[in-house]
Amino acid sequence: MRRSPASGGGVAPGATIRTRGALTGAVGTRTAPSDPVNSAGRPDAAGHDPVGLPPGAVAAVLDTAVAEDPDTAVCPGCGAVLAVVPPLTTDHPGASPSCAGLFDVTVRGLRDEARADLRTAAVLQLARDAYDAQHQVAGQPAAAAAALCLWVTRGLDPVREREVGARLADTAPTALTPPDRWTTTVADVAADLDVVDLPSLVRSWAEAVWRDWHGSHPELCAAADRAQRLPG
Ligand SMILES: [Zn+2]
């Protein structure tokens, strides 16, 4: 399983840290954010309780993977190695608290704009499906991975086809084995934010996640077929 570049905690807010973008290959510097993130704890549209990400937590995305470091934890879903930031918690199934928190802060700007802009709402839904497809829970419908068949390969709009996407909960298979490695994780997306616009990063990320699920493409697209055929 791929380990996303990460490091232990202790990076001070405002500190300049080195990042290497998996999507761009660029190596550069960035500044750890100094503002508290999403401390309001509002549930997002997918029903997840976002977690508060303390200042500097995005700085967990560094250029050295240290899986044995007791201050880091491997996300059980995507394999990203990120700093443990107690008392960070999450109820996102299949994700480590730090990973869910990093996703939350990465898409925060999209979430703020999505209500007023349909294109942003579509990018946000694509990001949510890419993330959820990487954090598939055993025994649950692989609805997010099947949704990527609709959005990535068929070019459907996640907002206009929201009802089709919702029906995937009934049509998606529940016994698929997720990929054992991921080309790109939310840690890679976060690392590239300074050099690539977020919608482009989300699109590349979703395409990579879909490719990683290649062993289950027939089952996932069959589920998408059934969802499209069902009456609305
Ligand atoms: Zn993860």
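Residues are numbered from 1 along each chain as its sequence is written. Because the model is predicted, local features need pLDDT of at least 70 and side-chain atom pairs count only at pLDDT 80 or more, while totals for chains, interfaces and linings use all residues. The chain has eight helices and four strands, where helices (H or I, at least four residues) and strands (E, at least two) are DSSP runs, numbered from the N terminus.

**Confidence**

- The mean pLDDT of the chain is 78, and 69% of its residues reach 70 or more; pLDDT is the predictor's confidence in each residue, from 0 to 100.
- Over residues 1–22 the pLDDT is below 50, although this stretch has 94 contacts in the model beyond near neighbours in sequence, two residues being in contact if their C-beta atoms, placed from the backbone, lie within 7 Å.
- Residues 24–67 also have pLDDT under 50, and for them the model has 124 contacts beyond four places in sequence.
- Where pLDDT is low, the predicted coordinates should not be read in detail.

**Overall fold**

- Read from the N terminus on, the elements follow the order β-β-β-β-α-α-α-α-α-α-α-α.
- Of the 232 residues in the chain, 44% are buried; a residue is buried if 20 or more other C-beta atoms lie within 10 Å of its own, exposed if 12 or fewer, and partly exposed in between, with C-beta atoms placed from the backbone.
- Among contacts between residues at least 6 apart in sequence, 67% join residues at least 24 apart.

- Two packed helices are described by the angle between their axes and the distance between the axes. Axes here are lines fitted to C-alpha atoms, for helices over the stretch in contact, and angles run from 0 to 180 degrees between N-to-C directions.
- Helix α3 (residues 118–133) packs with helix α4 (residues 143–153) at an angle of about 135 degrees, their axes being 8 Å apart. The two helices are therefore oblique to each other, given that angles under 35 degrees count as roughly parallel, over 145 as roughly antiparallel, 65 to 115 as roughly perpendicular and the rest as oblique.
- The crossing of α3 and α4 is left-handed; a crossing is left-handed if the near helix is turned anticlockwise from the far one by less than a right angle, and right-handed if clockwise.
- In this contact, Leu126, Asp129, Ala130, Asp132 and Ala133 of α3 meet Ala144, Ala145, Ala147, Leu148 and Trp151 of α4. By class, the contact of α3 with α4 has eight nonpolar, no polar and two charged residues, where Ala, Val, Leu, Ile, Met, Phe, Trp, Tyr, Cys and Pro count as nonpolar, Asp, Glu, Lys and Arg as charged, and the others, Gly among them, as polar.
- α4 packs with helix α7 (residues 198–212) at an angle of about 125 degrees, with the axes 10 Å apart, which makes α4 oblique to α7.
- The crossing of α4 and α7 is left-handed, and Leu148, Trp151, Val152 and Thr153 in α4 meet Ala206, Glu207, Val209 and Trp210 in α7. That contact has six nonpolar, one polar and one charged residues.
- α3 and α7 pack at an angle of about 35 degrees, with their axes 9 Å apart, and α3 passes α7 in a left-handed crossing.
- On the α3 side, Val123, Leu126, Ala127, Asp129, Ala130 and Ala133 make the contact, and on the α7 side Pro199, Val202, Trp205, Ala206 and Val209. These residues divide into 10 nonpolar, no polar and one charged.

**Helix α1 and alanine 114**

- Helix α1 (residues 97–106) is mostly covered, since nine of its 10 residues are buried, among them Cys99, Leu102 and Phe103.
- The buried residues of α1 pack against β3 (72–74), β4 (81–83), α2, α3 and α6 (186–191).
- Alanine 114, in helix α2 (residues 108–114), is buried, with 20 other C-beta atoms within 10 Å.
- Not counting residues up to four places away in sequence, alanine 114 touches Thr120, Ala121 and Leu124.

**Residues of α8**

- Arginine 226 lies in helix α8 (residues 217–229) and is partly exposed, with 15 other C-beta atoms within 10 Å.
- Cysteine 221 also has its place in helix α8 and counts as partly exposed, with 16 C-beta neighbours inside 10 Å.
- The C-alpha atoms of cysteine 221 and leucine 150 are separated by 7.8 Å, although the two are 71 residues apart along the chain.
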